[in-house]
Each structure stands twice: as C-alpha cells, then as structure tokens.
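Work through the exercises below with the sequence and model at hand. Each task is followed by its solution.

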Amino acid sequence: MQKFPWDNHSSVSEFILLGFSRDSQINTILFNIFLFLYLSTLVGNGLIVTLIHLDSRLHTPMYFFLSVLSILDMSYVTTTVPQMLVHLICQKKTISYVGCVAQMYIFLVLGITEGWLFSVMAYDRYVAICYPLRYKVIMTPWLCGAMAIFCGLWGISCSLVYTVFTMRLPYCGPNEINHFFCEVPAVLKLACADTSLNDQVDFILGFILLLVPLSFILASYVRIFATILKIRSAQGQLKAFSTCASHITVVTMFCGPAMFMYMNPGANASPERDKKLALFYNIISAFLNPIIYSLRNKDVKRAFLKLTGSSKASE
C-alpha cells in the first residue's frame, strides 16, 4: 500500500462504505433514484454551461459565475455518486485507503470552492443593483477571473489542511465507514486516537469557510435590500429582488446542511443524520441548481429556445 506522510501508524489498507441499507430491494430502488438525479444533474448543469458559452448575450459576470457553479456541481456529484451507484448494486463496497484520501480531498476542494463562489456571486448582485451604472467598469473580466481563482485557491489550500489532519491519525480497525463516501466526520469516527484536536480544527475551519462567506453574503444583501426599498415602483422592486431570489435559495440549500455537518463536534454527530445532510448539499442541491436558475431566468430560456431553433422566441 502506498504510504502518505500522515499514514505511518495506519494498519488499514481499505475501507468499507456501508451506504444506506443492506436490503437489496431498497438498494435497487435507491440506485434508480440516484441514477436519475445524477444524470439529470449532468444534463441540466451541462446545458447551462453550453448555453452560456454559445449565446453572446450571456457573456456577463453573472452568467460567468453561474457557469463556474454548474461545472463545480457536475464535478461535485461525480466525485461521490458513481461509486455510490456501484456499491448499491454490488456486494463489494470497499474503497482503498489512497482512494478514500483522494475522494475526501477532491470533495472538499469542490465544496469549499463552491461555498466561496456563493459570496462572490452575492458581491456581483450587490454591484449590479447598488451601482448599475458602474457595473461593467467594476466587474471586469479580469476581476471576475481573479475572484474565481481566489475561490479555487481557498478550496485547494484549506482542503489540504482538512485532509492532512484527518488522515494523520492511526486507523487500526474496524474499517467500516457508516456513510456512502469518505467524508471527514464519518472517517474520523474510525480513528484509534483522540480526535478532540480534529474537532477543534474542523470547527475553526468551518467558521472560516462557512460563516465568513455567509457574513459577506448577508452584508451584500443588507445593502441590496436597502437599495431595493428605495425604488419607488413596486414592479421595479420585484424585478430587482427576482435577480437575487435564485441565489438566496441555492445558498440556503447548500450552506445550511454543510454548517450542521462540519461545525458539530464528532461525538455529537449521528451517522444517519449526516448521510441525509450530505445527500442534500452534495446531490439534491446540485440537481436543483439548474432548475432554480433556468425556470426563473428569461435570458436562459431565450438562449435555450435559440439553441433549439425557435429563433422567434429569442428575438
């Protein structure tokens, strides 16, 4: 087995992912449900990326960040769902130690990046509504690219801390993870050592990576709502608010469950609850994102009709 610097005392070469149930009939039903959600997520988010790329009218900062979000969502679910689907229909439900480390790290990179991207998207809406005349001057392509890279760098660096602190612990057995993928809280339960330091580190990182972006989002929306209330026309207020409603919904679905998962001490965590929370911010959120944005967005609908040949509808 390949050894990592933090793996000197580990005697476990692979882990068993218990998943959701040992009943084959239930697993078959779950397989069909999750396969549908996974394929729909890939199609929906892939369609958004394609529309934004092909339609020049969607080459704006808001849609640039939306395309990045869609790419993250497709990558996010692909990190966990294909393996989960295999385990639902196969007797063997193992993952190698190295595979577990890789899955944990990639999942964290994408999740942390997405969390910070939500704060960047809130800033974009803040500039668009509070400073509409200066929007194009402030939100330049260079700034948009720099903010997206910033989000990615946060994900890469902080995920490394999470993963190193988790996998530096000895894992002597048992090797059964009561989860459907290698997520930090579930893996920590198997460590044959005191995990109190990890609980503290996870709480501090959770504060930085969840509450800080949420504070930026809240501050942006306080200013946004203050500006909207100054609009005299009720129709104008509704139009301004509608541009933010989708983002608020998506942030709530993603960040709420993630906060419960990563800011709770490991001893207080319930495996069944954790699996449900992980399903929500990993699979359900990624599935609903394109629906939320496309159903409420006339520009995306117009781009889709243009792509399918309904040119009159896009004029």
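**Exercise 1.** Which side chain meets that of Arg125 in a salt bridge, and at what N to O distance?

*Solution.* The model is predicted: local features need pLDDT of at least 70, side-chain atom pairs count only at pLDDT 80 or more, and totals for chains, interfaces and linings use all residues. Residues are numbered from 1 along each chain as its sequence is written, and side-chain values use heavy atoms, with hydrogens and water left out.

Step 1. Apply the rule: a salt bridge is a side-chain nitrogen of Lys or Arg within 4 Å of a carboxyl oxygen of Asp or Glu.
Step 2. The partner of Arg125 is Asp124, at 3.0 Å, N to O.
Step 3. Arg125 and Asp124 are both buried (buried is under 20% relative accessible area, exposed over 50%, partly exposed in between; 1.4 Å probe, protein chains only).

**Exercise 2.** How many salt bridges does the rule give in total?

*Solution.*
Step 1. The count is two.
Step 2. One of them joins Arg57 to Asp55, with the closest N and O atoms 3.6 Å apart.
Step 3. Arg57 counts as partly exposed because its relative accessibility is 43%, whereas Asp55 counts as buried because its value is 5%.

**Exercise 3.** Which residues make the nonpolar surface patch of about 340 Å²?

*Solution.*
Step 1. Patch residues have over 30% relative accessible area and no salt bridge; like charges are joined within 9 Å, nonpolar side chains (Val, Leu, Ile, Met, Phe, Trp, Tyr) within 5 Å. Areas come from the Shrake-Rupley method with a 1.4 Å probe, and for residues only the protein chains shown count as cover.
Step 2. The patch consists of Leu47, Leu54, Phe304 and Leu307.
Step 3. Leu47 is partly exposed, at 31% relative accessible area.
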